[in-house]
Amino acid sequence: MSTEEHDVTFESADAGASTTYPMQCSALRKNGHVVIKGRPCKIIDMSTSKTGKHGHAKVHLVATDIFTGKKLEDLSPSTHNMDVPHVQRREYTVLDIEDGFLSLLTEDGDTKDDCKVPEGDVGKKLQTLLDEGKDVNVIVQTAMGEEMCIEAKEAPKSG
């Protein structure tokens with residue numbers, strides 16, 4: 001037994017919760033989520049193929065990356081486990097846009113300033129609604145430590 005001391009620091013930004021959970025391949029469903037090549041994806045098509053006399057059934061998954069929209073495919077035995085990402089969608093009120101980042105109001109009244117302004121149609125719609133002087137809400141999708149604004153819409157009028 002050695003009596004030397006170990007100087008180890010564990011830094012964690014979350015409560016230790018995993019970003020994914022295992023699910024048997026045969027239990028996955030179309031429009032569900034799965035991790036392919038380390039990316040969180042939404043399943044757009046899946047098919048099961050029965051193989052030869054002693055082979056295992058294989059599941060062919062076609063999915064799109066939920067952040068980039070890139071199409072990914074995977075082939076896995078139906079009895080194997082695959083990782084499924086914990087995907088969260090939250091709605092925030094947009095306060096402002098500064099240097100390409102959204103300033104958002106959270107449900108508990110704090111501000112969140114680390115979400116990038118979305119590109120493409122969502123970003124254009126967001127800018128148009130703000131230019132028209134409307135109150136805007138955005139849907140921010142989070143999975144595996146990444147987040148992205150996926151929808152912008154006019155906030156319902158209160159009062």
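Is Lys-112 buried or exposed? At 14% relative accessibility, Lys-112 counts as buried, because the cut-off for that class is under 20%. The legends below walk through this residue and a few others in what is a predicted model.

**View 1. A patch of negative charge on the surface.** Here you can find Asp-96, Glu-98, Asp-99 and Asp-113 gathered together. Asp-96 belongs to strand 7, which spans residues 88-98. With a relative accessibility of 37%, Asp-96 counts as partly exposed.

**View 2. Asn-31, a loop residue with positive phi.** Take a look at the loop that links strand 1 (20-24) and strand 2 (33-36), where Asn-31 is located. Phi of Asn-31 is near 75°, a positive value in a residue other than glycine. Most residues other than glycine have a negative phi. Asn-31 counts as exposed, because its relative accessibility is 52% and the cut-off is over 50%.

**View 3. Met-144, in the loop between strands 10 and 11.** Our last stop is Met-144, with strand 10 (136-143) on one side of its loop and strand 11 (146-154) on the other. Phi of Met-144 is positive too, near 50°, and Met-144 is again a residue other than glycine. Its relative accessibility of 25% makes Met-144 partly exposed.

Conventions: Residues numbered from 1 in each chain as written. Predicted model: local features only at pLDDT ≥ 70, side-chain atom pairs only at ≥ 80, totals over all residues. Heavy atoms only, no water. Patch = residues over 30% accessible without salt bridge, like charges linked within 9 Å, V, L, I, M, F, W, Y side chains within 5 Å. Areas by Shrake-Rupley, 256 points an atom, 1.4 Å probe, with all protein chains shown as cover. Salt bridge = Lys/Arg side-chain N within 4 Å of Asp/Glu carboxyl O. Lys, Arg positive; Asp, Glu negative; His and termini not counted. Charge placed at Lys NZ, Arg CZ, Asp CG, Glu CD. Helix = DSSP H or I, 4+ residues; strand = E, 2+ residues; numbered from the N terminus. Buried < 20%, exposed > 50% of the residue type's maximum accessible area, 1.4 Å probe, protein only.
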